[in-house]
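Please keep the structure in view while you read.

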Amino acid sequence: MSVLLIHDGNTLAQVQAIVQGLCQEGIDAHYFGQPGVSLKDLNNSSCIVVCVTKKYVDTCKQNSETSNLFQMAYQHKAAHMVFITLESEMTNLKNWTGPVGLRGVSRGFVDLSSPDSGAIQELVAKIHAAQ
């Protein structure tokens, strides 16, 4: 199983820690922007994890590389997407607007906005369920 995380770029340290946690749980995880990761990895991944932040939601409303990547992920992997929040304000689904809100609100999310020893295991369970 291969998992690709897509994110806003400002949360790199959090994303890297999540990737490390997933790898420790036996999941082959990578993030967009990681050296050697390209668009082909989007198609080759068995699951896409969308890292939701206010900046990510706002950026996806614009015509940008982030928005295009999100739209491509949704078109190719809609049934295999898992949403996580990296900021506490984004645990309120009313803050999910634009394409992220349209596509993600009904799916629920894993809250990774604060350190929680069980959050990675919850994410692993969601990833397995999205297979």
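Strands β1 (residues 2-6) and β2 (residues 28-31) run parallel and are joined by four bridges. Two strands count as paired if DSSP finds at least two bridges between them. Helices (H or I, at least four residues) and strands (E, at least two) are DSSP runs, numbered from the N terminus. The model is predicted: local features need pLDDT of at least 70, side-chain atom pairs count only at pLDDT 80 or more, and totals for chains, interfaces and linings use all residues. Residues are numbered from 1 along each chain as its sequence is written, and side-chain values use heavy atoms, with hydrogens and water left out.

**Strand β1 and its partners**

- Ser-2 has Asp-28 of β2 as its bridge partner.
- Between β1 and β2 the chain passes through helix α1 (residues 12-24), and this β-α-β crossover is right-handed. That term means that, with the strands pointing away from the viewer, the path from the first strand over the helix to the second runs clockwise.
- β1 also pairs with strand β3 (residues 47-52), in the parallel sense and over four bridges. Here Leu-4 stands opposite Ile-48.
- Five of the five residues of β1 are buried, so this strand is largely enclosed by the rest of the structure. Buried means under 20% relative accessible area, exposed over 50%, and partly exposed in between (1.4 Å probe, protein chains only).
- In a regular strand the side chains alternate between the two faces of the sheet. In β1, Ser-2, Leu-4 and Ile-6 lie on one side and Val-3 and Leu-5 on the other, and both faces are covered.

**Strand β4 and its partners**

- β4 (81-85) pairs with β3 in the parallel sense, over five bridges. The bridge partner of Val-50 in β4 is Phe-83.
- β4 and β5 run parallel and are joined by two bridges. Thr-85 stands opposite Asp-111 in β5.
- From β4 the chain crosses through helix α5 (residues 98-104) to β5, again as a right-handed β-α-β crossover.
- Both faces of β4 are covered: Met-81, Phe-83 and Thr-85 are buried on one side, and Val-82 and Ile-84 on the other.

**Cores and helix α6**

- The largest nonpolar core has 23 residues, and those with the most contacts inside it include Leu-5, Ile-84 and Leu-123. A nonpolar core is a set of buried Ala, Val, Leu, Ile, Met, Phe, Trp, Tyr and Cys residues joined through side-chain atoms within 4.5 Å.
- α6 (119-129) is among the elements that give two or more residues to this core. With five residues, α6 gives the most.
- Leu-123 touches Ile-18, Leu-22, Val-49, Val-82, Ile-84, Val-110 and Leu-112, not counting residues up to four places away in sequence. Contact means heavy atoms within 4.5 Å.
- The buried residues of α6 are Ala-119, Ile-120, Leu-123, Val-124 and Ile-127. They cover an arc of only 140 degrees (taken from the directions from the helix axis to the C-beta atoms), which puts them on the same side of α6.

**Cysteines**

- The structure holds zero disulfides, a disulfide being a pair of cysteine sulfur atoms within 2.5 Å.
- Cys-47 is buried, with a relative accessible area of 0%, and Cys-51 is buried with a relative accessible area of 0%.
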